[in-house]
Protein chains: 4
Amino acid sequence: MAIHYRRIADYLRHALAGRGMEQLARLQPDHGPAPQRVPGGSALTADVIAARWALPNLPASARDVIADEAALREREAYAHNIEHFIGTARVPVGLAGPLRVNGAHALGDYYVPLATTEAALVASYSRGALLITEAGGCSCAVLNEGVTRAPGFAFETLGDAVAFVAWASMSFAAFKAVAAETTKYGELVDMQLTVEGNHVHAQFEFMTGDAAGQNMVTIATEAICHYVIDQSPVHPRYWFVEANMSGDKKATTHSFMTVRGKKVSAEVTVPATLIETRLHTTARGMADYARMSVLGGVMSGSIGVHGHYANGLAALFIACGQDAACVAEATVGVTRFEELDDGALYAAVTLPNLIVGTVGGGTHLPTQKACLDILGLSGPGHARAFAEVAASLALAGELSIIGALTAGHFTRAHQRLARGTPASPRST
Amino acid sequence: MAIHYRRIADYLRHALAGRGMEQLARLQPDHGPAPQRVPGGSALTADVIAARWALPNLPASARDVIADEAALREREAYAHNIEHFIGTARVPVGLAGPLRVNGAHALGDYYVPLATTEAALVASYSRGALLITEAGGCSCAVLNEGVTRAPGFAFETLGDAVAFVAWASMSFAAFKAVAAETTKYGELVDMQLTVEGNHVHAQFEFMTGDAAGQNMVTIATEAICHYVIDQSPVHPRYWFVEANMSGDKKATTHSFMTVRGKKVSAEVTVPATLIETRLHTTARGMADYARMSVLGGVMSGSIGVHGHYANGLAALFIACGQDAACVAEATVGVTRFEELDDGALYAAVTLPNLIVGTVGGGTHLPTQKACLDILGLSGPGHARAFAEVAASLALAGELSIIGALTAGHFTRAHQRLARGTPASPRST
Amino acid sequence: MAIHYRRIADYLRHALAGRGMEQLARLQPDHGPAPQRVPGGSALTADVIAARWALPNLPASARDVIADEAALREREAYAHNIEHFIGTARVPVGLAGPLRVNGAHALGDYYVPLATTEAALVASYSRGALLITEAGGCSCAVLNEGVTRAPGFAFETLGDAVAFVAWASMSFAAFKAVAAETTKYGELVDMQLTVEGNHVHAQFEFMTGDAAGQNMVTIATEAICHYVIDQSPVHPRYWFVEANMSGDKKATTHSFMTVRGKKVSAEVTVPATLIETRLHTTARGMADYARMSVLGGVMSGSIGVHGHYANGLAALFIACGQDAACVAEATVGVTRFEELDDGALYAAVTLPNLIVGTVGGGTHLPTQKACLDILGLSGPGHARAFAEVAASLALAGELSIIGALTAGHFTRAHQRLARGTPASPRST
Amino acid sequence: MAIHYRRIADYLRHALAGRGMEQLARLQPDHGPAPQRVPGGSALTADVIAARWALPNLPASARDVIADEAALREREAYAHNIEHFIGTARVPVGLAGPLRVNGAHALGDYYVPLATTEAALVASYSRGALLITEAGGCSCAVLNEGVTRAPGFAFETLGDAVAFVAWASMSFAAFKAVAAETTKYGELVDMQLTVEGNHVHAQFEFMTGDAAGQNMVTIATEAICHYVIDQSPVHPRYWFVEANMSGDKKATTHSFMTVRGKKVSAEVTVPATLIETRLHTTARGMADYARMSVLGGVMSGSIGVHGHYANGLAALFIACGQDAACVAEATVGVTRFEELDDGALYAAVTLPNLIVGTVGGGTHLPTQKACLDILGLSGPGHARAFAEVAASLALAGELSIIGALTAGHFTRAHQRLARGTPASPRST
């Protein structure tokens with residue numbers, strides 16, 4: 001977050017809107033009367049929506065597009081997914097594929113719906129998906145799963161913290177039973193305990209079925225905490241249901257090193273001829289890129305090393321009703337490229353934090369369910385297959401971008417598509 | 001990414017879909033014929049869209065909601081933002097606020113449009129926004145800005161790498177001129193060079209005006225690279241326009257420690273009485289939480305330490321046409337809470353990687369522009385104000401969630417809103 | 001590792017010894033004849049030592065002090081600890097203390113021998129030790145232990161990797177038995193398996209008794225690997241006994257998050273009067289420091305957050321025959337300071353990577369054993385107590401330096417002692 | 001730092017010395033009388049030393065070896081390097097080499113003195129050094145240098161923090177002048193400023209000549225801080241001369257990404273025949289190892305990626321009077337191995353945090369100066385050459401260990417040397 005002192009003049013020009021230090025006078029509390037609150041809570045009646053649009057300074061032109069007829073017609077669909085509803089944002093959806101996945105759960109050729117506003121994204125992922133498909137598809141498997149909640153307990157002394165940990169370690173079965181009363185889909189499967197002086201951090205790990213499960217694990221963990229407060233022989237001075245060791249909504253090394261949601265690996269071997277005809281480069285060149293860029297990642301301090309998982313995953317998450325905030329944590333992992341003796345390319349991605357679901361959250365909303373239906377993965381029984389498709393999509397994206405960077409085409413694709421030049425055959 | 005050996009049985013049950021090792025036979029290439037490609041590239045005619053929906057296994061029910069009349073009507077709006085277009089995904093939008101911002105660029109009371117499918121999110125951010133507003137608003141300033149592209153050059157020897165660096169360091173003005181020919185909004189403002197054996201990684205940093213600017217900096221950097229290849233007295237064996245030191249689409253310590261997009265700090269002092277009446281807790285309790293959770297963050301290996309920036313930022317980005325993939329990098333920073341002598345709470349957030357814009361990308365699309373219009377921040381001249389609103393929103397979210405965790409209300413809010421219990425006055 | 005382009009001129013001046021680019025001509029292979037090898041391997045006879053000193057350009061003056069009479073007399077003591085022996089380096093030893101430890105294993109008042117060449121170090125740790133002692137001593141406990149070796153196995157496919165992991169997870173008992181045949185002190189206690197594409201990384205965790213144990217775990221792991229190669233139903237293409245996931249000789253987030261050697265917490269509560277009379281500051285001031293410096297650590301990207309564990313631990317390790325290279329990994333952890341309601345200070349340190357022993361390595365050498373004897377902790381049965389003393393020493397150092405930084409005395413202590421001004425009463 | 005709940009029973013057995021929870025009763029303050037303080041401060045008279053040995057429970061046997069005649073004779077040499085002196089610790093020294101360095105500053109064949117108690121270490125580094133020498137030596141250059149001190153300033157508001165930063169950015173010349181008054185060798189060369197809410201962290205970077213320079217930069221920074229307090233138009237509520245952003249005595253990503261001490265790269269190309277005859281493996285095998293182990297490092301969360309820099313550097317630092325605590329920060333960097341087309345191996349190391357000196361600290365002590373004299377690098381004018389030798393040594397160690405791991409010899413070397421089996425020709 002540091003700034004070089006020679007840049008401060010620039011910084012002041014921008015930070016202070018070019019008006020010099022007097023601009024700083026604006027950075028003061030203003031105790032004048034506040035405007036009206038947003039009325040109606042989670043209510044969705046036409047009247048309440050209209051009242052919201054009557055708030056000061058909301059332009060009518062915005063209302064026309066956000067609260068259009070379609071949005072108002074389907075508004076009841078959003079009853080349990082939003083508060084202060086004023087309409088819908090519309091994000092264009094493109095299809096990437098076909099993407100052949102030979103997975104433990106996902107099997108077949110998928111057209112993957114991606115919701116994005118970024119030019120060239122769908123074209124690039126589609127190019128990678130086709131390459132995988134022509135190579136016979138990618139092998140893929142969910143390797144682990146779990147979602148963590150991490151309460152913290154503050155005791156008087158280290159001795160009390162140790163005594164608590166001793167008790168808690170013998171109470172796992174009881175915690176499991178307490179958790180089970182709060183959810184029929186979630187299951188407490190593991191527990192880690194960290195003593196830091198007189199503090200104890202617990203990490204409760206749950207299986208969450210076909211749901212992403214963050215609310216489920218919060219509710220279950222709160223129940224466990226209340227059991228702890230009732231039953232523990234040593235009482236904490238204070239406690240919190242989450243003390244920031246769960247990796248919720250952020251990239252953390254802890255989640256990267258264990259699992260958050262689903263961990264999935266996907267691999268493909270692409271023959272030399274395909275590399276040449278489709279990507280216009282060689283496995284050697286791509287391996288050279290990989291070697292340099294892995295160290296580039298290391299020298300930039302990334303968590304894991306990869307190219308751009310976020311592009312595909314954000315678009316997939318928005319299309320399919322996943323929690324888009326989880327892009328923060330889902331987009332870590334490891335990409336590995338190797339040149340094989342016959343000039344083929346071995347490529348693998350491993351994403352340990354795919355926090356996804358096919359039930360709950362936004363998965364039942366109109367267009368979100370439709371996107372899952374395009375994949376054939378809506379509803380119970382499909383979360384693992386969806387995670388495998390997500391990892392396969394990430395693999396497609398890595399192949400395409402690293403191919404483009406190696407062949408020197410990276411910039412041109414963006415330039416052309418973002419500026420509207422007609423597509424050449426190759427990139428679609 | 002490791003799995004405890006005792007968990008492997010679970011893992012196999014899930015990874016292999018409960019069918020044992022024979023399931024692994026599925027993880028093999030399938031060289032059968034591939035299905036049809038997605039037709040039409042970036043074309044948007046009704047015929048092409050219909051041809052896409054005629055691809056195998058795309059359900060008609062999905063077409064009805066995704067390619068509804070409204071989507072088809074406005075399809076031309078998406079011409080330069082998507083390929084393989086099949087319709088739109090609709091995400092409900094709620095208003096959080098009013099949020100009073102006393103910033104160097106943003107000034108006034110904002111109703112912030114958030115597009116999310118997660119229950120309780122808008123309510124929680126709205127609660128925090130109101131708290132800030134009642135406290136007189138938050139002070140806020142853009143502190144730095146810049147967007148990086150990071151090419152890599154491979155030489156024969158360390159000696160060549162050093163010679164190249166010597167030349168490059170004296171060529172900054174020329175690089176700046178070359179970059180200037182590719183863009184009227186972007187400006188090369190800084191350069192870092194890293195020698196790693198016979199490799200050199202460059203980090204070119206640009207100002208990008210009111211655009212997020214990732215394409216702009218790629219095009220400018222490619223031009224610089226071509227100049228390098230033409231002019232450098234030492235020639236690289238090979239080079240790439242990006243070798244993974246830019247932090248593009250991922251959380252990195254490098255971007256956290258410098259800037260990516262805009263760096264913004266926002267602060268507020270909340271009097272004890274407001275903490276008590278609005279959050280039902282105390283500054284002492286919140287400071288206790290902060291102390292424990294900062295170390296929780298440290299022990300989970302997060303980049304920076306904060307609560308849940310991603311919730312608000314992902315929703316804001318989707319609503320306002322930002323690149324949702326940048327949630328990966330934007331959601332790092334530092335939250336600090338202190339109890340003051342009079343029982344008030346000092347709270348500050350600093351987000352160094354707010355890669356946002358008010359022109360370019362998805363900002364001109366129908367609903368996205370409408371959301372920016374609600375903020376009064378659409379188009380040129382508003383990117384810094386938008387970044388300040390984003391940071392202020394993050395501060396609102398931290399206050400609300402940490403208040404809820406400290407008061408013990410965190411779980412209940414989620415439980416109630418996600419399950420549809422009528423809202424109580426307090427949370428709205 | 002990056003350099004700002006404006007600094008390149010400086011860099012060239014220094015990198016190239018001020019002689020400009022022609023200096024780069026030196027960076028070329030020189031295939032001239034090599035001088036003589038160092039004779040005699042691990043032999044320690046007087047003749048062999050003399051032959052080593054007869055190598056080209058070794059100054060007689062160096063021989064006089066390094067191969068002095070004392071060194072030659074005790075040379076046989078070093079027979080299994082060094083190769084190419086030429087004498088001894090002598091490091092001055094000072095005593096810090098008394099340090100009162102109320103630990104699960106260490107109990108009593110310790111005078112801690114520290115071998116260092118850094119002025120003010122012993123004085124500073126001694127000041128902290130006295131403060132702890134006057135406060136009634138610190139509470140302390142070993143909380144976990146284990147040493148990891150991490151082989152890697154490369155398979156043909158992800159399917160093979162999964163099949164291997166399934167087999168390995170059921171072979172833990174066999175691995176344990178194989179390991180047990182190689183060591184009577186070591187015990188395989190845990191195993192983690194990481195699938196990354198067609199690679200599998202294993203982390204074998206051992207208890208190592210009173211030895212630091214790195215060689216023990218390497219030998220045991222190699223035996224396990226050979227068993228794997230013999231018995232696994234799936235054969236790796238190649239494998240390595242260590243593939244860099246063990247955290248050996250380096251600070252890693254993985255070791256920080258689990259354990260490497262011993263994990264120990266130590267805490268003390270220091271009354272307000274002692275803070276004032278001994279440190280000339282207040283608990284409030286020290287807590288202010290802690291809050292700012294924890295974020296300073298976060299913003300500098302440290303693993304854990306603390307002040308300067310390395311100062312005390314390096315000196316303790318050298319004095320007591322520990323592996324000084326392990327300073328790299330041992331010096332991570334978490335320091336926490338809190339002001340209590342009565343103005344007292346609560347301080348705790350937690351060090352999860354104290355890789356120490358009281359048998360094996362250098363612990364039996366003359367002065368090294370003597371230093372352990374000063375602590376009463378030489379030989380079997382004392383490793384955990386030694387680890388508790390090490391953590392308590394780290395706590396002493398944190399109290400002293402943070403006290404000095406808060407009181408504004410930090411610089412003066414170093415200035416005075418390093419420049420030979422007579423000591424004032426306070427700092428000793 | 002977390003512990004799996006199933007391991008808690010083990011943990012309790014060990015943590016509580018096998019005596020169950022009642023052992024926790026020991027973790028309580030003991031307010032009994034404290035034993036005597038260590039007398040005499042930094043005095044070195046025979047009487048004072050004797051008084052120290054008369055402290056309770058110091059064994060006479062320890063005194064005999066630590067305070068031997070030689071130690072007492074040279075005790076005055078340690079007058080400004082230790083307090084509470086009681087004698088010397090003796091660490092055996094072995095020679096690694098010859099090591100041919102073709103550096104910008106170091107040029108020639110070096111026998112490198114290493115002080116260590118770890119068997120096989122000198123033999124392994126010597127093997128790598130010989131390999132480099134037979135390959136024509138390694139190319140090497142200092143690439144950057146600087147040592148940072150990082151004070152922190154707490155203001156009332158963000159506005160004040162911004163105003164301060166504006167002033168400070170224009171005061172660099174004044175700060176430089178203030179610093180120059182405190183030191184004739186040190187020079188303030190750069191400054192970074194970080195605003196985090198109402199806090200400002202400064203990073204002052206100095207050139208320190210031939211000294212490691214930590215005390216020099218502390219004294220200079222304190223002077224700057226006093227100037228700040230006198231002159232700044234905005235006054236901090238409180239400030240600290242170091243707020244934990246300097247990376248002093250700890251591995252940090254910030255220092256890794258910039259420089260701390262000297263940054264040095266060293267590279268060598270080893271022909272296929274040498275790889276085969278000396279390391280009994282192939283460049284292909286070593287490149288396979290490198291690819292897997294780089295990802296192993298990434299998955300373990302190391303800062304940079306390398307094998308075991310700490311082994312050689314700790315031994316070199318102890319021998320040559322460097323600050324051994326700096327092993328914590330010096331042992332980060334990047335190792336890269338590539339197979340070339342002709343079967344040769346390209347190997348490079350880059351270490352950005354070599355905080356070393358040839359004057360000051362322990363460099364003038366008897367054996368420490370003698371070790372520097374063996375290298376011909378004692379006293380002014382040699383710090384950069386010493387840093388280049390250190391990096392070359394690190395390269396030697398990487399070649400040797402990765403060769404051994406690839407050839408499958410790693411374990412055997414340790415087994416044989418640590419247990420006293422006669423050396424085979426190959427390993428020396």
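Modeller: A salt bridge is a side-chain nitrogen of Lys or Arg within 4 Å of a carboxyl oxygen of Asp or Glu. Keep that rule in mind as we read this structure, which is a predicted model.

Biologist: How many salt bridges does the rule give over all chains?

Modeller: The general idea is that side chains of opposite charge can pair when their charged atoms come close. In this model the count comes to 90 salt bridges over all chains. One of them joins the side chains of B:Arg284 and B:Glu339, with N and O 2.8 Å apart.

Biologist: Which parts of chain B does the pair of B:Arg284 and B:Glu339 tie together?

Modeller: B:Arg284 belongs to helix α11 (residues 283-300) and B:Glu339 to strand β11 (residues 333-339) of chain B, so the pair ties together parts that are 55 residues apart in sequence. B:Arg284 counts as partly exposed, at 40% relative accessibility, and B:Glu339 counts as partly exposed at 30%.

Biologist: Are C:Glu242 and C:Arg149, which also form a salt bridge, buried or exposed?

Modeller: Both C:Glu242 and C:Arg149 are buried, and their closest N and O atoms are 2.7 Å apart. C:Glu242 sits in the loop between β8 (238-240) and α9 (253-257) of chain C, while C:Arg149 is in strand β4 (residues 138-149), so this pair ties together parts that are 93 residues apart in sequence. Another salt bridge in chain C joins the side chains of C:Glu329 and C:Arg260, at 2.4 Å from N to O, and both of these residues are buried.

Biologist: Which residues of chain A are linked in a network of salt bridges?

Modeller: The network links A:Arg149, A:Glu242, A:Asp248, A:Arg260 and A:Glu329.

Biologist: How many residues does each of chain A and chain B bring to the contact?

Modeller: Chain A brings 183 residues and chain B brings 183 residues. Between them they bury about 14,600 Å², with 60% of that area on carbon and sulfur atoms. On the side of chain A, the residues that lose the most area to chain B are A:Met1, A:Arg90 and A:Met292, together 6% of what that side buries. The rule finds 8 salt bridges across this interface, as well as 70 residue pairs in polar contact, both residues being at pLDDT 80 or more.

Biologist: And how should I read a nonpolar core; which residues touch the most other members of the largest one?

Modeller: The largest nonpolar core has 283 residues, and those touching the most other members are A:Leu114, A:Phe164, A:Leu399, B:Leu114, B:Leu399, C:Tyr11 and D:Tyr11. For D:Tyr11, contacts beyond four places in sequence include A:Val162, A:Val165, C:Val142 and D:Leu16.

Note on methods. Residues are numbered from 1 along each chain as its sequence is written. Chains are lettered from A and ligands numbered from 1 in the order in which they are written. Side-chain values use heavy atoms; hydrogens and water are left out. A nonpolar core is a set of buried Ala, Val, Leu, Ile, Met, Phe, Trp, Tyr and Cys residues joined through side-chain atoms within 4.5 Å. Buried means under 20% relative accessible area, exposed over 50%, partly exposed in between (1.4 Å probe, protein chains only). Contact means heavy atoms within 4.5 Å. Buried area is the accessible area (1.4 Å probe) that two parts lose on being put together, summed over both. A polar contact is a pair of N or O atoms within 3.5 Å; within protein, one must be able to donate a hydrogen and the other to accept it, and residues adjacent in sequence count only if both atoms are side-chain atoms. Helices (H or I, at least four residues) and strands (E, at least two) are DSSP runs, numbered from the N terminus.
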